[in-house]
Amino acid sequence: MIYHVSPNHAFRLSSSVAYRPPTTFDVGQHLITVLTPPGLPPTRIATLGSGSVKPEQIISHELGYQGWWWDHRVRTRLTGFYNHISDLIAFPTFPGNSSDPISPVNGGVADVYGGEAGLEVLVTSWLSGFANYAYQEVGQSSNGSARRGFPHHKVNAGLRMTWHPFTGELLYHHVGVASYPLSELFTNLAPFFPAGTILPQERVPSYNLLNLRLGYTLWRQRIPHLARTDRRQRPRGGACPLRIQCAERQSSRTSLGRPARHQGPGMAHGETMKRTCQLVSIRDTRRGKLS
């Protein structure tokens, strides 16, 4: 649902439901593992798939705002979201009896919520920039062997350049610290590891990524169908971009019930209107507006 406060400001509210079916590994696996801890007899662990697990379910709610500023040269976005995930599929911890196989079960739940904020700026007709920030929090409970990990903070920023025949991008990404809890089976077996064994860390440090792209256009290939359409709409004696633009802008005003003008042979009224929107969009972009 979208509510327009004004032509340049709008709010959006959405809700959805999605499902993730069990994977082939969850259903059809048959794995036997033999563990031999020091000083103890070998332990046989059987892991079997299960056809009785249900699909995981996620219910999502999102509320967002979008605003245009500075004659459509600046766009701001603000979004809040909440996701409830139920029937998470996970493998329970080792039951302690080697005769009991381990099979996936449903039972874990998680609540993922947070927000995003973004800014896009058209600096000039050939240079634009953007920046956005996202925060998320996860509250979860699971009877399985491991819990889900996630980072709290993410930042993206960049510049895009189009100066024919050159194009380029400068993109920056930041991912905050993340925590990935270890499996309970792994931590229970840790005392039996050889001395000096280094256990993996649950905490993953933050990192930054910088990407740079530069392109050069060697040639442009025109689509024959569009080229023929352009020739049909040009007046005799040569093409005049101003006359074509004015004629097609006039045809856009026929949407109120007047007959369409400057309509090429073989073109329907809807096709003329569609081409009108494309031409106006290109012209506005050259004037310095975000589409």
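Predicted model: local features only at pLDDT ≥ 70, side-chain atom pairs only at ≥ 80, totals over all residues.

Colleague: Which strand is Phe166 in, and what does the aromatic search of the whole structure turn up?

Modeller: The search of the whole structure gives three aromatic pairs. One of them is Trp126 with Trp163, edge-to-face, with 5.0 Å centre to centre and 75° between the planes. Trp126 sits in the loop between β7 (105-122) and β8 (127-141) while Trp163 is in strand β10, so that pair ties together parts 37 residues apart in sequence. Then there's Phe166 with Tyr216, also edge-to-face, at 5.2 Å centre to centre and 65° between the planes. Phe166 is in strand β11 and Tyr216 in strand β14 (residues 207-216), so here the parts tied together are 50 residues apart in sequence.

Colleague: Back to the two Trp residues, how accessible are Trp126 and Trp163?

Modeller: Trp126 has a relative accessible area of 33%, so it's partly exposed. Trp163 comes out at 48%, which also counts as partly exposed.

Colleague: How do β10 and β11 pair?

Modeller: Strand β10 (residues 153-163) and strand β11 (residues 166-175) pair antiparallel, over ten bridges. The two make a hairpin, with two residues between them. As for who faces whom, Arg160 stands opposite Glu169 in β11.

Colleague: OK, switching to charges. How many salt bridges are there?

Modeller: The count is seven. One of them joins the side chains of Glu62 and Arg12, at 2.8 Å from N to O. Glu62 belongs to strand β5 (residues 56-69) and Arg12 to strand β2 (residues 9-20), so the pair ties together parts 50 residues apart in sequence. Glu62 is partly exposed at 26% relative accessibility, and Arg12 is partly exposed with a relative accessible area of 32%.

Colleague: And which residues does the salt-bridge network join?

Modeller: Arg75, Arg77 and Glu120, through salt bridges that share partners. Between Glu120 and Arg75 the closest N and O atoms are 2.9 Å apart, and between Arg77 and Glu120 they are 3.8 Å apart. Glu120 is in strand β7 and Arg75 in strand β6 (residues 74-90), so that link spans 45 residues in sequence. Arg77 is in strand β6 as well, 43 residues from Glu120.

Colleague: Which of those count as buried, and which as partly exposed?

Modeller: Arg75 is buried, with a relative accessible area of 13%. Glu120 is partly exposed at 23% relative accessibility, and Arg77 is partly exposed with a relative accessible area of 38%.

Colleague: What sits over the ring of Trp70?

Modeller: The charged end of Arg73, which is 4.8 Å from the ring centre.

Colleague: Last topic: in what order do the strands of the open sheet run?

Modeller: The order is β9-β12-β13, with antiparallel pairing. β9 and β13 (203-204) are the edge strands, each pairing on one side only. Two bridges join strand β12 (residues 178-179) to β13, and Ala178 has Val204 in β13 as its bridge partner.

Colleague: What about Pro151, is it buried or exposed?

Modeller: Buried, because its relative accessibility is 11%. Pro151 is in strand β9 (residues 150-151). Leaving out residues up to four places away in sequence, Pro151 touches Gln136, Val175, Gly176, Val177, Ala178 and Tyr180. Pro151 and Arg203 are 52 residues apart in sequence, with their C-alpha atoms 10.0 Å apart.

How values were computed. Residues numbered from 1 in each chain as written. Heavy atoms only, no water. Helix = DSSP H or I, 4+ residues; strand = E, 2+ residues; numbered from the N terminus. Buried < 20%, exposed > 50% of the residue type's maximum accessible area, 1.4 Å probe, protein only. Contact = heavy atoms within 4.5 Å. Pairing = 2+ DSSP bridges. Phe/Tyr/Trp six-rings, centres within 6.5 Å; stacked < 30°, edge-to-face > 60°. Lys NZ or Arg CZ within 6 Å of the ring centre and 35° of its normal. Salt bridge = Lys/Arg side-chain N within 4 Å of Asp/Glu carboxyl O.
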